[in-house]
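User: I would like to learn how to read salt bridges, strand pairing and surface patches in a model. Can we take them one by one?

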Amino acid sequence: MPSLEKPPVVTSTVKWRFPAVHPEGHKYVAIAGGLTLLATLLTNVLFWPFVGLTIWVAAFFRDPVRTTPRGEGLIVAPADGLVTMIQRVPVPRELAGDLGDAPLVRVSIFMSVFDVHINRTPITGTIRQVVYISGKFLNADLDKASDENERQHFVVEGRDGRRIGFTQIAGLVARRILGFVKPGDMVVAGQRIGLIRFGSRVDVYLPDDCAPQVTLGQRSIAGETVIGRVGGMSVTGVAQ
């Protein structure tokens, strides 16, 4: 009886390490630390609340290492957070020139103030468009936030010519959207492309040949969770 071929066993291990603080957050941690020192000099009553504030600020700007899955036709999540909407909607006018006028499936990921706020590109390719739009600061969980809030659109074109659009949207607390890339930059799936400060949302527009691989209420991890697959079947889920 012929022996079955067994896949190679992975023997290497990975150790947990405390996430680094993104350089964008260094000044905020320093400010919080300075307030803590001042509170210590004035009164011991405020010491622990300000210590908690400093820890929270450092945690907000944490920048963990992520392992991005590789494979043809995979679209990974650009943000940590809760999948709050999956629906077919009209494409924002700023993206219509690259994505077309037909409605596309939009996957919306809501980031609370406790989530990692570093955003990452869903696919490998070339940044074709970066458009910043000033606006309101409505609750990012509302559908109309996509059209009325401060936001920044990205379009990245993959090596196969497929284009993915995604949008950073400011929320109630967020007051600053940052982008780390510009048109013409080459990026790899999972690469850091931006940051939103203090609670927000990211929308991803999937091409018609891409099926959602997440369900409502699921939590995504930026650069790791597969949210779309070319030629795949849409998944379903059960809350439990």
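This is a predicted model: local features need pLDDT of at least 70, side-chain atom pairs count only at pLDDT 80 or more; totals for chains, interfaces and linings use all residues.

User: Which residue does the side chain of glutamate 94 meet in a salt bridge?

Analyst: First the general idea. Side chains of opposite charge can pair when their charged atoms come close. Here, glutamate 94 pairs with arginine 93, at 3.8 Å from N to O. Arginine 93 counts as exposed, because its relative accessibility is 71%.

User: How many salt bridges are there?

Analyst: The count comes to 14. One of them joins arginine 162 and aspartate 209, at 2.7 Å from N to O. This pair links distant parts of the chain, 47 residues apart. Arginine 162 lies in the loop between β8 and β9, aspartate 209 in the loop between β13 and β14. Arginine 162 is partly exposed at 22% relative accessibility. Aspartate 209 is partly exposed too, at 35%. Salt bridges that share partners also join Asp98, Arg128, Glu157 and Arg163 into one network.

User: Where is aspartate 185 placed, and what does its side chain reach?

Analyst: Aspartate 185 sits in the loop between β10 and β11. Its side chain reaches the backbone nitrogen of lysine 182 at 2.9 Å. The side chains of lysine 182 and aspartate 185 also form a salt bridge, at 3.2 Å from N to O. Lysine 182 is exposed, with a relative accessible area of 52%. Beyond its neighbours within four places in sequence, aspartate 185 contacts Gly125, Thr126 and Ile127.

User: Now the strands. In what order do the eight strands of the open sheet run?

Analyst: Strands of a sheet pair through backbone hydrogen bonds, either parallel or antiparallel. In this sheet the order is β11-β7-β8-β9-β13-β5-β4-β15, with antiparallel pairing. β11 and β15 are the edge strands, each pairing on one side only. β4 meets β15 over two bridges, and glycine 81 stands opposite serine 220.

User: Which residue in β16 is the bridge partner of isoleucine 75?

Analyst: Glycine 228 is that partner. Three antiparallel bridges join β3 to β16. β14 is also joined to β16 by three antiparallel bridges, and there proline 212 stands opposite glycine 228.

User: Last, the surface. Which residues make the nonpolar patch?

Analyst: Ile31, Leu35, Leu37, Leu38, Leu41, Leu42 and Leu53 make a patch of about 700 Å². Helix α1 gives the largest share, six residues. Leucine 35 is in that helix, and is partly exposed at 37% relative accessibility.

Note on methods:
Residues are numbered from 1 along each chain as its sequence is written. Side-chain values use heavy atoms; hydrogens and water are left out. Helices (H or I, at least four residues) and strands (E, at least two) are DSSP runs, numbered from the N terminus. A polar contact is a pair of N or O atoms within 3.5 Å; within protein, one must be able to donate a hydrogen and the other to accept it, and residues adjacent in sequence count only if both atoms are side-chain atoms. Contact means heavy atoms within 4.5 Å. Two strands pair if DSSP finds at least two bridges between them. Patches are made of residues with over 30% relative accessible area and no salt bridge: like charges are joined within 9 Å, nonpolar side chains (Val, Leu, Ile, Met, Phe, Trp, Tyr) within 5 Å. Accessible areas come from the Shrake-Rupley method with a 1.4 Å probe; for residues, only the protein chains shown count as cover. A salt bridge is a side-chain nitrogen of Lys or Arg within 4 Å of a carboxyl oxygen of Asp or Glu. Buried means under 20% relative accessible area, exposed over 50%, partly exposed in between (1.4 Å probe, protein chains only).
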